[in-house]
Amino acid sequence: MLLEKIISISGKPGLYKLVSQLKNGFIIEEVTTKKKVSIGNSSQVSLLDNIAMFTFDKEVPLFEVFENIAKNHDYKETISHKSSEAELAEFMVASLPNYDTDRVYNSDIKKLAQWYNILHKAGYITPESFVKAEPEIVEGEASEEINVEKEAPKKAPKAEKPATPKVKASTGAKAATKSTHRKMG
């Protein structure tokens, strides 16, 4: 699920996908209707990827809560955000069993159900959307780290030896210029 591009805008109903950035704002697309509009920098925007829900021992990313809901409801729509408080509380216990009842308000649970249903309607809630691509990223990072480690011993002694006396004797800008000269020559 690509929550990093899905946003909520304070004062506007629904969820939006961030399309591009403008000089003084953003172009956004409503996730269900695909209608594009622009908003200014002064709009209060929340990235769903940055939202978490409180439990008694930690904060759980919204992505994980959506995944729990999806599994509990076989990747189908869930209860309406207009359901009774008792139904919403039951829904929340099933979705995040140890949620902090003092810090997660009824309005938060309503918003969770509403957002989940919006994302479901827009096609974001599927079994494939919760597959994490971490192994590929980790392998890529590991190979990059290996390359950096191979290069580091060659570069580190050159940079360390002249850098110490030059920093004491000259300004940082001159030291940077001299060390760049040595790497080239």
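This is a predicted model: local features need pLDDT of at least 70, side-chain atom pairs count only at pLDDT 80 or more; totals for chains, interfaces and linings use all residues.
**Overall make-up**

The protein contains five helices and seven strands. Starting at the N terminus, the order of elements is β-β-β-β-β-β-β-α-α-α-α-α. Of the 185 residues in the protein, 28% are buried. Contacts between residues at least 6 apart in sequence include 53% that join residues at least 24 apart. The accessible surface amounts to about 12,400 Å², and carbon and sulfur atoms account for 54% of that surface.

**Helix H2**

Helix H2 spans residues 85-95. Its buried residues are Leu-88, Phe-91, Met-92 and Ser-95. Viewed down the axis of H2, these buried residues lie within an arc of 100°, and they therefore line one face of the helix. An α-helix has 3.6 residues a turn, so residues three or four places apart point the same way. On the other side of H2, Ala-86 and Glu-90 are exposed. The elements below are among those that cover the buried residues of H2.

| Element | Residues |
|---|---|
| Strand S6 | 52-54 |
| Helix H1 | 62-72 |
| Helix H3 | 106-121 |

**Pro-61**

Pro-61 belongs to strand S7, which covers residues 59-61. Is Pro-61 buried, exposed or partly exposed? Its relative accessible area is 34%, so Pro-61 is partly exposed. Apart from neighbours within four places in sequence, Pro-61 contacts Ile-51 and Ala-52. Between Pro-61 and Ile-51 the separation is 10 residues in sequence, and the C-alpha to C-alpha distance is 6.1 Å.

How values were computed: Residues are numbered from 1 along each chain as its sequence is written. Side-chain values use heavy atoms; hydrogens and water are left out. Buried means under 20% relative accessible area, exposed over 50%, partly exposed in between (1.4 Å probe, protein chains only). Helices (H or I, at least four residues) and strands (E, at least two) are DSSP runs, numbered from the N terminus. The arc is that of the directions from the helix axis to the C-beta atoms. Contact means heavy atoms within 4.5 Å. Accessible areas come from the Shrake-Rupley method with a 1.4 Å probe; for residues, only the protein chains shown count as cover.
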